[in-house]
Amino acid sequence: MSTTTLPGATVATLTVTTPSDREVQITRLFDAPRPMVFDCWTIPELLKGWLHGPDGWRLAVCEIDLRVGGATRYVWQHRDGRSMGMSGAYREIVRPARIVATELFDEDWTGGETVGTVVFTEQTGKTLLTQTVLYASQAARDGALGTGMTGGMAESYAQLDAYLASLQDAAKGAA
């Protein structure tokens, strides 16, 4: 197993490991309660608030049927007109602790369908998020890692961290 730690701007760093020849595991601590982090992963309006790609990309389409067997559809649009889409289906949902879903990009750069497991663990008012992605093969996993995906995930998670802080500030202001 190899481990890479990427710098984080706020609460914690992003830790990336390869626990098996077909898996990538990412962990990150967020300074927000577990139900709020879970909602930011499962409510389209909240996902659109943080799940952007690198500069110039925005999540334009976010469709979620949050039930076992339900479908997901994400499409990111770049300001230059390019788009990137991904579809999937939910296999397991345990609110607010766990999600298991498939993912397949329209332009299949990951070597086939992946299975992603996201576990949300409460830690004294904070949430440890552990995301494991299972690829079709070791070559597919290594290819995905070679795209710079971990840097993009670090950036997205930093955006989620800032978004969670803004949601908490808004909730305090409304109280």
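How many residues lie between strand 4 and strand 5 in the hairpin that they form? Six residues separate the two strands, and Gly69 in the turn has a positive phi of about 90°. The model is predicted, so local features need pLDDT of at least 70 and side-chain atom pairs count only at pLDDT 80 or more, while totals for chains, interfaces and linings use all residues. Residues are numbered from 1 along each chain as its sequence is written, and side-chain values use heavy atoms, with hydrogens and water left out.

**The hairpin**

- Strand 4 covers residues 57–64 and strand 5 covers residues 71–78; helices (H or I, at least four residues) and strands (E, at least two) are DSSP runs, numbered from the N terminus.
- The two strands pair in the antiparallel sense over seven bridges, where pairing requires that DSSP finds at least two bridges between them.
- Within this pairing, Cys62 stands opposite Tyr74 in strand 5.

**Aromatic pairs**

- Five aromatic pairs are found in a search of the whole structure; rings of Phe, Tyr and Trp (its six-membered ring) pair if their centres lie within 6.5 Å, and planes under 30 degrees apart count as stacked, over 60 as edge-to-face and the rest as tilted.
- The ring centres of Phe30 and Tyr157 are 5.6 Å apart and the planes stand at 80°, so this pair is edge-to-face.
- Phe30 belongs to strand 3 (residues 23–30) and Tyr157 to helix 4 (residues 149–174), so the pair links distant parts of the chain, 127 residues apart.
- Phe30 counts as buried at 0% relative accessibility, and Tyr157 is buried with a relative accessible area of 3%; buried means under 20% relative accessible area, exposed over 50% and partly exposed in between (1.4 Å probe, protein chains only).
- Phe38 and Phe120 have ring centres 5.3 Å apart and planes at 65°, so they too are edge-to-face.
- Phe38 lies in helix 1 (residues 34–42) and Phe120 in strand 8 (residues 114–123), so the pair ties together parts 82 residues apart in sequence.

**The nonpolar core**

- The largest nonpolar core has 38 residues, of which Trp41, Trp50 and Tyr157 touch the most other members; such a core is a set of buried Ala, Val, Leu, Ile, Met, Phe, Trp, Tyr and Cys residues joined through side-chain atoms within 4.5 Å.
- Helix 4 supplies the largest share of this core, seven residues.
- Not counting residues up to four places away in sequence, Trp50 touches Cys40, Trp41, Ser156, Tyr157, Gln159, Leu160 and Tyr163, contact meaning heavy atoms within 4.5 Å.
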